[in-house]
Amino acid sequence: MSERVPFAKMNGLGNKILVIDMRGRKDRVTPAAAIALDSDPATKFDQIMAIHDPKLDGTDAYIDILNCDGTRAQACGNGTRCVVQALAAETGKQSFTFQTIAGILNAKEHEDGLISVDMGEPVFDWDRIPLAEEFHDTSRIELQIGPIDNPVLHSPSVMSMGNPHAVFWVENGVWSYDLEKFGPLLENHPIFPERCNITIAQVTSPTSMTTRTWERGAGLTLACGSAACSAAVSGARTGRTGRKVTINVASAIPPGSLELEWRLDNHVVMTGPATWEWSGAVDPVTGAWQADEAVAV
């Protein structure tokens, strides 16, 4: 068994996050470890945020992100906030720059404890999202679930925030739709060669909307930061909202919201909370772990 490393069980609006400290090591958290951790009720998670030594000058860390099925993710806004809170508590710093496979992320912890993450620039080009066929206008593509003359969900806005997203606009409450049924069908639809995050969004005012998300590689999730970014950008892009919007995350426990701004420099900034739950040590190869104190499951 390899040497265990520190980890923390955290959450961002209920989005279950494991922050694993891999600094000083050359290996990575294995898919087998991720699957083992997810199978344990105490450590079940949506994303692992593995903190590695920086690879680029001017960055504080390289972040490796894993889904609960062991696949790697390009972006996780809620997880990034958890990393910021953990490192801020350790170092006393407030501002951080991280490298991920999706690019460079800048983040800051505010005096009130909320954390802002610059999630970068949205991508609208069909071949970069990517989609399997060409669409000139990705703010509304031809895709539907249900009867052809009366679809349940249709015409999503699609884009990438480091990972592919489809936002389906609905008139009724977001709980009116069986996302557990439709989510896996849409995530794995042939139009999405790298699969896709699926969000149902109801606009409630020019400055607010409510969302639920089926997360690629994780399934139904209590919250998804990059999905909130995609909903906010898509709302502004289609004229449903302005460029600043409050995302009420319907499935968050306890209920909560994220503040999103699609700035004029094309960057998307997300602001929200992060919560520490408990800490322990984990084997990054096998997923075997122990808590620093007794853990209530």
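Visitor: Which residues does Asp-21 touch, not counting those up to four places away in sequence?
Guide: Val-5, Pro-6 and Ile-51. A touch means heavy atoms within 4.5 Å. This is a predicted model, where local features need pLDDT of at least 70, side-chain atom pairs need 80 or more, and totals for chains, interfaces and linings use all residues. Numbering runs from 1 along each chain as its sequence is written, and side-chain values use heavy atoms, without hydrogens or water.

Visitor: Where is Asp-21 found?
Guide: Asp-21 is in strand 2, residues 15-21. Strands (E, at least two residues) and helices (H or I, at least four) are DSSP runs, numbered from the N terminus.

Visitor: And which side chain makes a polar contact with the side chain of Asp-21?
Guide: That of Arg-23, at 2.9 Å. Such a contact pairs N or O atoms within 3.5 Å, one able to donate a hydrogen and the other to accept it; sequence neighbours count only through side-chain atoms on both sides.

Visitor: New topic. Which residues of helix 3 are buried?
Guide: Helix 3 covers residues 179-187. Leu-179, Phe-182, Gly-183, Leu-186 and Glu-187 are buried there, with under 20% relative accessible area (1.4 Å probe, protein chains only).

Visitor: Why do they end up on the same side of helix 3?
Guide: Because they cover an arc of only 125° around the axis.

Visitor: What do the buried residues of helix 3 pack against?
Guide: Several strands. Strand 9 (144-145), strand 10 (153-154) and strand 12 (164-169) are among them. So are strand 13 (197-205), strand 14 (208-215) and strand 15 (219-221).

Visitor: How many cavities of 30 Å³ or more does the structure have?
Guide: Two, from a search of the whole structure. In a cavity, a 1.4 Å probe fits on points of a 1 Å grid but cannot get out; lining residues have an atom within 4 Å of a point.

Visitor: Which residues line the largest cavity?
Guide: Among them are Thr-211, Arg-212, Thr-213, Cys-224, Val-249 and Ser-251. Strand 14 and helix 4 (225-237) each supply at least two lining residues.

Visitor: Which element has the largest share of that lining?
Guide: Strand 14, with three residues.

Visitor: Which residues line the second largest cavity?
Guide: Gln-47, Asn-67, Ala-73 and Ala-75 are part of the lining. Asn-163, Asn-197, Glu-215 and Arg-216 also line the second largest cavity.

Terms used. Buried < 20%, exposed > 50% of the residue type's maximum accessible area, 1.4 Å probe, protein only. Arc of directions from axis to C-beta. 1 Å grid on protein atoms, 1.4 Å probe; cavity = no way out; pocket = protein on both sides within 12 Å on 5 of 7 lines; lining within 4 Å. Points joined across faces, edges and corners; volume = space filled by probe spheres on them.
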